Amino acid sequence: MAESKKLSYEEARDQLAEIVSKLEGGQATLEESLALWEKGEALAKVCQDWLDGAKAKLDAIRPTE
Amino acid sequence: MLETISESPVPVRVISEAIGDYLGRLGPVWIEGELSEVTVRPGAQMVFMKLRDTSADMSISIMCHKSVLSAVEPLPQNARVVMHSKVSWYAKNGSLSFNVKEIRQVGIGELLARLEALKTQLASEGLFDDDRKKQLPFLPKSIGLICGRNSDAEKDVVANATRRWPSVNFEIREVAVQGSAAVVEVSAALRELDANPDVDVIVITRGGGSFEDLLPFSDESLLRLVADCQTPIVSAIGHEKDSPLLDLVADWRASTPTDAGKRVVPDMQEELQKISQLRERSFRHLHNRIEFERAKIAAYLDRPVLKAPHTMVTSRFDLLQNLRDKAARSMGHLIALGREDIAQLSTSIRTLSPQATLDRGYSVVQKKDGAVVRSASEITAGEELRVRLAQGEANVTAN
């Protein structure tokens, strides 16, 4: 999962979307599904970190009303 | 040229004659200028006056017979005139004087015609072209202001600019804004301010006035100077309807001094508001963008494959169960079928098997080779035969 750290927000989000559609496609083997799921979770975290970071920066300057 | 050397100088009279000779060659001339300091002594035949140049700071003293002057009276103050005069040299005391034979006032019509001619001339030279116009600075370090002495025009420009941008600063030059001195003083101020690096824009302004009053602002030398200036020039002369040629050469024409004051500086409040609006809009955009993306991620996480990943196991487990059930059921089914088959077979064997007949007392005779004997004729005496009875069998020999 290390490499997912370098991903940009958009890359992580798009890969997450791909994983979801693969899982929903139902063609993946159990082993693949497990791996996909794990990667999906990691990517989701990356996205959330990006968003939380951005929000924090914004709030630092302008606490949301 | 008169060659002289210090060792053999020439007497005064030679010089004087030479000057008289030069001037004589000039002959009578038509001179244009502005009449001023007209002094008429009671009873005197001759009248003395000064004729000032309209652009340069120069003048000549002239005299004429009082009838020459009265022929063109009444003349307004600083009248623009054309004179026919011979230059006379009074050798006795080495003084020069202009003896004027005829004076004519330059009328408005004439002035207008001259102005139009100048206008077409300057236009043909491209001095009025748009691409020459320089951009006014958004926020000038300081504003050059050339205006009449404590005139309303000055107050209007300063008041309006200061209201919009309180920290504006001016370089004010109060000069003559009409009459022959105007061109000279405005030009001097213009050169000085144009050279000043801190002055980013120069406003030339004066209040309303007569056609003659505004004439200096259509003066060719002033217009050419304005055209050559590096600093952008704003012309704010007279009222809305007044339009001296300066308006055409300047980089921007203000209809009134007030208009000029407003144009040269931005409105502080307006600018501050614009900035805060921009900050607000960029913050709003970013905020919405984050919310939008957050929702998107949440949506992904809500999808069953991620929200309840166990399904990948349980669904397979169910599938497995399902398959096993199916297997079990089909096995059961097969077994049942098998049993049925067996049952049928056994009954059919039973029905087909001769046992029942044997039970009823019949018996089956077979030859050695197993063939069943159906008629006595098939038996030969002494032949060994097998007899199958309900219970067991016996070997017999035919007799």
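This is a predicted model: local features need pLDDT of at least 70, side-chain atom pairs count only at pLDDT 80 or more; totals for chains, interfaces and linings use all residues.

Trainee: How much area do chain A and chain B bury between them?

Mentor: The size of an interface is often given as the accessible area lost when the parts come together. Here about 2300 Å² is buried between chain A and chain B, 69% of it on carbon and sulfur atoms; buried area is the accessible area (1.4 Å probe) lost by two parts on being put together, summed over both. On the chain A side, L51(A), L58(A) and R62(A) lose the most area to chain B, together 25% of what that side buries. Chain A gives 26 residues to the contact and chain B gives 21 residues, where contact means heavy atoms within 4.5 Å.

Trainee: At what angle do helices α5 and α7 of chain B pack?

Mentor: Helix α5 (residues 180-195) and helix α7 (residues 220-228) of chain B pack at about 10 degrees, their axes 10 Å apart. Axes are lines fitted to C-alpha atoms, for helices over the stretch in contact, and angles run from 0 to 180 degrees between N-to-C directions. Helices (H or I, at least four residues) and strands (E, at least two) are DSSP runs numbered from the N terminus. α5(B) and α7(B) are therefore roughly parallel to each other, a term for angles under 35 degrees.

Trainee: Which residue lies over the face of W252(B)?

Mentor: R263(B) does, at 5.2 Å from the ring centre; the rule asks for NZ of Lys or CZ of Arg within 6 Å of the ring centre and within 35 degrees of the ring normal.

Trainee: Which residues does the cis peptide bond join?

Mentor: E73(B) and P74(B), with omega about -15 degrees. P74(B) is in the loop between α2 (66-70) and β4 (80-90) of chain B. E37(B), not a glycine, has a positive phi of about 50 degrees and belongs to strand β1 (residues 29-39) of chain B.

Conventions. Residues are numbered from 1 along each chain as its sequence is written. Chains are lettered from A and ligands numbered from 1 in the order in which they are written. Side-chain values use heavy atoms; hydrogens and water are left out. Angles under 35 degrees count as roughly parallel, over 145 as roughly antiparallel, 65 to 115 as roughly perpendicular and the rest as oblique.
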